[in-house]
Amino acid sequence: MTIFRYALLRAIRNPLTLIATYLLPVVLILIPSLWEDGAFISGFAFLAILVMSSAYLSSLSILTDKADGAVLRILAAPVTMRRYLTENLFACMVPLFAQISLISILGAILYDWSLTLSLAVFLCYTVLTLASVTMAFAWHCLFKGAEGNIAGFSMVLFLTAFLGGMTFPVEVFPGPLQYVGAVFPAYWAMRGLDVVQELGTVSGEYWLAIAAMLLFAIAYLLYGGKRRIV
């Protein structure tokens with residue numbers, strides 16, 4: 001069994017991961033009031049939170065392997081660290097990729113999303129998924145065990161939702177505080193989604209948001225790759 005297949009099976013067998021990745025997004029897309037123009041808290045914001053939560057839950061296998069010494073046993077075989085990490089990261093992304101595809105299709109069917117909006121939503125959440133998975137990977141590299149990991153990430157998720165415009169529009173914050181959330185990938189995801197909803201098409205600001213999230217993903221990969229995981 002390949003590392004990718006093993007990691008994927010572990011991810012999809014976790015009940016919490018299944019709920020966050022599939023059940024809750026489907027429930028969200030079936031609530032029309034969350035997807036109406038001008039909704040105070042939109043379904044797009046809730047979905048961004050679920051993407052980040054699912055990315056964290058799916059990547060917990062890396063922390064588990066490090067804590068119980070499984071990484072050392074895996075690397076004793078003819079497996080490189082790069083292959084181990086790459087296949088684990090891809091295994092984390094596959095379920096989320098399926099989630100985003102499902103939401104984009106259901107949105108087009110239920111709410112008459114245009115092809116442009118559906119594809120823009122799909123791309124934005126795909127890039128957010130990449131940034132969220134690499135962020136979770138970098139986060140796990142900070143800890144040797146689960147102690148403090150979950151509580152710390154919960155606080156990060158809260159700050160992301162609060163300052164990134166997912167629970168309140170950033171315009172309600174005073175002055176420079178409106179831009180503090182820019183240190184989180186989800187802030188840029190919400191900016192990109194807001195623009196494409198408002199204009200009905202992609203624009204330079206949308207592509208700026210995509211580029212920002214990609215830069216975050218690269219930064220997280222570089223940081224995590226330089227830290228010892230064993």
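This is a short exchange about how some terms apply to a predicted model.

Mentor: In this predicted model, local features need pLDDT of at least 70 and side-chain atom pairs count only at pLDDT 80 or more, while totals for chains, interfaces and linings use all residues. Residues are numbered from 1 along each chain as its sequence is written, and side-chain values use heavy atoms, with hydrogens and water left out.

Trainee: Why is D112 called exposed?

Mentor: Exposed means over 50% relative accessible area, buried under 20%, and partly exposed in between (1.4 Å probe, protein chains only). D112 has 67%, so D112 counts as exposed. D112 lies in the loop between α6 (81-111) and α7 (115-140), helices being DSSP runs of H or I, at least four residues, numbered from the N terminus. D112 also has a positive phi of about 55 degrees, although not a glycine.

Trainee: What makes a set of residues a nonpolar core?

Mentor: The members are buried Ala, Val, Leu, Ile, Met, Phe, Trp, Tyr and Cys residues joined through side-chain atoms within 4.5 Å. The largest such core has 51 residues, and Y125, L128, M166 and M213 have the most contacts inside it. α7 gives the most to this core, with ten residues.

Trainee: Which residues does L128 touch, leaving out those up to four places away in sequence?

Mentor: Contact means heavy atoms within 4.5 Å. On that basis L128 touches A48, V51, P185, A186, A189 and M213. A second, separate core of twelve residues includes I62, L85, L89 and L96.

Terms used
Helices (H or I, at least four residues) and strands (E, at least two) are DSSP runs, numbered from the N terminus.
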